[in-house]
Amino acid sequence: MALRTIRVEGDPILNKKCKEVKEVTPRTRQLIDDMLETMYQANGVGLAAPQVGILKRIVVIDVSPEGEEPIILINPVIVETDGEQTGDEGCLSVPNKFGTVTRPNYVKVRAYDEQLKEFTVEGRELLARALCHEIDHLDGHLYTEIAQGPLRSVEVADGEEEE
Ligand code: NI
């Protein structure tokens with residue numbers, strides 16, 4: 001595993017649409033391992049492949065208590081949403097900022113695992129927010145485009161989390 005450089009807002013790669021993954025090669029697995037390591041090292045709860053400069057539809061998310069398995073999503077698609085939540089959101093590609101974003105309170109996502117087996121994941125609250133945020137990255141969108149009001153600055157202390 002290796003850490004990868006997180007691209008920050010202003011890097012044009014973050015505004016590009018990612019390509020579907022058609023096969024999972026050793027390189028794809030390496031990318032997923034590196035994304036997980038990079039996300040944990042940065043105290044993030046989610047990371048999308050374009051954030052490390054790779055235009056593929058791959059997302060990793062870990063909003064669960066320590067010790068639980070992260071969620072790895074290949075070619076994820078939101079197939080159902082319900083309700084609404086408004087809250088603070090951050091992004092590892094927009095360091096030390098956060099903003100207010102309205103998202104669905106529930107989402108159901110269809111995706112593929114590392115064996116390219118289809119599965120669905122349902123998320124509420126923080127997980128729903130993370131799923132929407134990360135899947136937006138795959139279409140070149142950052143939360144800053146939909147944040148209500150100005151972004152605010154935050155002094156990120158050790159252990160705080162960003163998406
Ligand atoms: Ni993000």
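The model is a predicted one. Arg4 forms a salt bridge with Asp34, and the closest N and O atoms of the two are 2.8 Å apart. Because Arg4 sits in the segment before helix 1 (26–41) while Asp34 belongs to helix 1, this pair ties together parts that are 30 residues apart in sequence. Asp34 is buried, at a relative accessible area of 3%.

Helix 1 also contains Thr28. Thr28 has 2% relative accessibility and therefore counts as buried. Leaving out residues up to four places away in sequence, Thr28 touches Glu23 and Ile58.

## Other salt bridges

The salt bridges in the model number nine. One of them joins Lys17 to Asp139, with 2.9 Å between the closest N and O atoms. Lys17 lies in the segment before helix 1 and Asp139 in the loop between helix 2 and strand 8 (148–153), so the pair ties together parts that are 122 residues apart in sequence. Lys17 is exposed, with a relative accessible area of 61%, whereas Asp139 counts as partly exposed at 27% relative accessibility.

Another salt bridge is formed by Arg129 and Glu89, whose closest N and O atoms are 2.5 Å apart. This pair links distant parts of the chain, Arg129 being in helix 2 and Glu89 in strand 4, 40 residues apart. Arg129 is buried, with a relative accessible area of 4%, and Glu89 counts as buried at 2% relative accessibility. Salt bridges that share partners join Glu89, Arg103, Arg129 and Asp136 into one network.

## Strands 4 and 5

Strand 4 covers residues 85–91, and five of its seven residues are buried, so the strand is largely enclosed by the rest of the structure. Strand 4 pairs with strand 5 (residues 94–103) in the antiparallel sense, over six bridges. The two strands form a hairpin, with two residues between them. Within this pairing, Thr86 has Thr102 of strand 5 as its bridge partner.

## Nickel site

Three residues coordinate the nickel ion: Cys91 through SG, His133 through NE2 and His137 through NE2, at 2.1 to 2.3 Å. In sequence, the spacing of these donor residues is C-x41-H-x3-H. Cys91 in strand 4 and His133 in helix 2 (residues 126–138) are 42 residues apart, and the pair links distant parts of the chain. Cys91 and His133 are both buried.

## Gln51

Gln51 is located in the loop between strand 1 (46–48) and strand 2 (58–61). With 0% relative accessibility, Gln51 counts as buried. The side chain of Gln51 makes a polar contact, at 2.9 Å, with the side chain of Ser93. Gln51 and Glu134 are 83 residues apart along the chain, and their C-alpha atoms are separated by 9.8 Å.

In soluble globular proteins, nonpolar side chains tend to be buried together. In this model the largest nonpolar core has 16 residues, and those with the most contacts inside it are Val59, Ile61, Leu73, Val107, Val109 and Leu131. At least two residues of this core are supplied by each of strand 2, strand 6 (106–112) and helix 2. Helix 2 gives the largest share, seven residues.

Val107 is in contact with Ile78, Glu80, Thr81, Val121, Glu122, Gly123, Ala128, Leu131 and Cys132, leaving aside its neighbours within four places in sequence.

Terms used: Residues numbered from 1 in each chain as written. Predicted model: local features only at pLDDT ≥ 70, side-chain atom pairs only at ≥ 80, totals over all residues. Heavy atoms only, no water. Helix = DSSP H or I, 4+ residues; strand = E, 2+ residues; numbered from the N terminus. Buried < 20%, exposed > 50% of the residue type's maximum accessible area, 1.4 Å probe, protein only. Polar contact = N/O pair within 3.5 Å; in protein donor to acceptor, adjacent residues only side chain to side chain. Pairing = 2+ DSSP bridges. Donors = N, O, S within 2.8 Å, 3.2 Å for Na, K, Ca; no water. Salt bridge = Lys/Arg side-chain N within 4 Å of Asp/Glu carboxyl O. Core = buried A, V, L, I, M, F, W, Y, C linked by side-chain atoms within 4.5 Å. Contact = heavy atoms within 4.5 Å.
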